[in-house]
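Subject: Structure handover

Hi,

Here is the structure for you to look over. My notes follow below.

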Amino acid sequence: SAAANSAKCIFCKIIKGEIPSHKLIETNLSYAFLDINPLARGHALVIPKYHAEKLHELPDEYLADALPVAKKIAVAQGAENYNILQNNGRIAHQFVDHVHFHVVPKPSASDEEG
Ligand code: 5GP
Ligand code: ZN
């Protein structure tokens with residue numbers, strides 16, 4: 001069941017504070033934090049406060065809340081170049097079965113010098 005999966009879900013535990021995280025933004029429906037294994041400095045994850053494994057299982061209200069949070073992170077980072085990524089299913093490189101949006105800055109050569 002969704003409840004049983006939620007009980008052992010690491011992202012549900014992060015939302016509840018049972019696993020520590022570096023929080024960036026929290027709304028009523030979303031939680032955003034730094035990725036533990038970043039692809040670039042500032043790599044963030046935005047997750048709905050609702051246990052759905054895949055995007056098509058997520059209620060629209062949660063989906064509608066998540067992207068503006070990703071946008072706020074991109075603005076706060078001042079990133080000119082970045083990727084928003086969202087994977088569904090193992091073959092598509094999803095390894096945590098709780099919907100999440102990656103915000104991955106793509107630093108330019110000059111950013112790295114700074
Ligand atoms: P996926 O491949 O499922 O789209 O990405 C899952 C992401 O979650 C990975 O980038 C991974 O580093 C991150 N991640 C996995 N476990 C944890 C954790 O316990 N804490 C944090 N902050 N990130 C995690
Ligand atoms: Zn979950």
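Phe101 sits in strand β5. Strands (E, at least two residues) and helices (H or I, at least four residues) are DSSP runs, numbered from the N terminus. Phe101 is buried because 22 other C-beta atoms lie within 10 Å. The cut-offs: buried means 20 or more other C-beta atoms within 10 Å of the residue's own, exposed means 12 or fewer, and partly exposed is in between, with C-beta atoms placed from the backbone.

Before going on, the ground rules. This is a predicted model, in which local features need pLDDT of at least 70, side-chain atom pairs count only at pLDDT 80 or more, and totals for chains, interfaces and linings use all residues. Residues are numbered from 1 along each chain as its sequence is written, while chains are lettered from A and ligands numbered from 1 in the order in which they are written.

Confidence next. The chain has a mean pLDDT of 94, and 93% of its residues reach 70 or more. That score is the predictor's confidence in each residue, from 0 to 100. The ipTM is 0.98 and the pTM is 0.94.

Back to Phe101. Its contacts, leaving aside neighbours within four places in sequence, are Leu45, Val46, Ala66, Ala70, Ile84 and Gln86. Contact means that the C-beta atoms of two residues, placed from the backbone, lie within 7 Å. Lys72 is 29 residues from Phe101 in sequence, and their C-alpha atoms are 13 Å apart.

The core

The largest nonpolar core has 18 residues. Such a core is a set of buried Ala, Val, Leu, Ile, Met, Phe, Trp, Tyr and Cys residues joined through C-beta atoms within 7 Å. Ala32, Ala44, Leu45, Val46, Ala70 and Val103 touch the most other members. At least two residues of this core come from each of α2 (10-16), β2 (30-34), β3 (44-48), α3 (60-77) and β5 (101-105). Val46 shows how this part packs. With neighbours within four places in sequence left out, Val46 contacts Ser30, Ala32, Ala66, Val69, Ala70, His100, Phe101 and Val103.

The histidines

Which residue does the UniProt annotation "active site" cover? It covers His100, and the entry is unreviewed. UniProt positions are given in the numbering used here, feature names are shortened, and annotations may be inferred rather than shown by experiment. His100 lies in the loop between β4 (82-85) and β5. His100 counts as buried because it has 22 C-beta neighbours inside 10 Å. Beyond four places in sequence, His100 contacts Phe11, Leu45, Val46 and Ile47.

His51 is in the loop between β3 and α3. His51 has 21 other C-beta atoms within 10 Å, so it is buried. His51 and Asp97 are 46 residues apart in sequence, with 8.6 Å from C-alpha to C-alpha.

His93 is in the loop between β4 and β5. Its phi is near 75°, a positive value in a residue other than glycine. His93 counts as exposed because it has 9 C-beta neighbours inside 10 Å.

Ligand 1 is surrounded by 14 residues; the closest are Ile36, Asn37, Asn87, Phe95 and Val96. A residue is near a molecule if its C-beta atom, placed from the backbone, lies within 6 Å of it. The shell has eight nonpolar, five polar and one charged residues. Here Ala, Val, Leu, Ile, Met, Phe, Trp, Tyr, Cys and Pro count as nonpolar, Asp, Glu, Lys and Arg as charged, and the others, Gly among them, as polar.

Is Phe95 buried or exposed? Phe95 is exposed, with 6 other C-beta atoms within 10 Å. Phe95 is in the loop between β4 and β5. Arg41 is 54 residues from Phe95 in sequence and 21 Å away, C-alpha to C-alpha.

Ile91 is in the loop between β4 and β5. Ile91 counts as exposed, with 7 C-beta neighbours inside 10 Å.

Best regards
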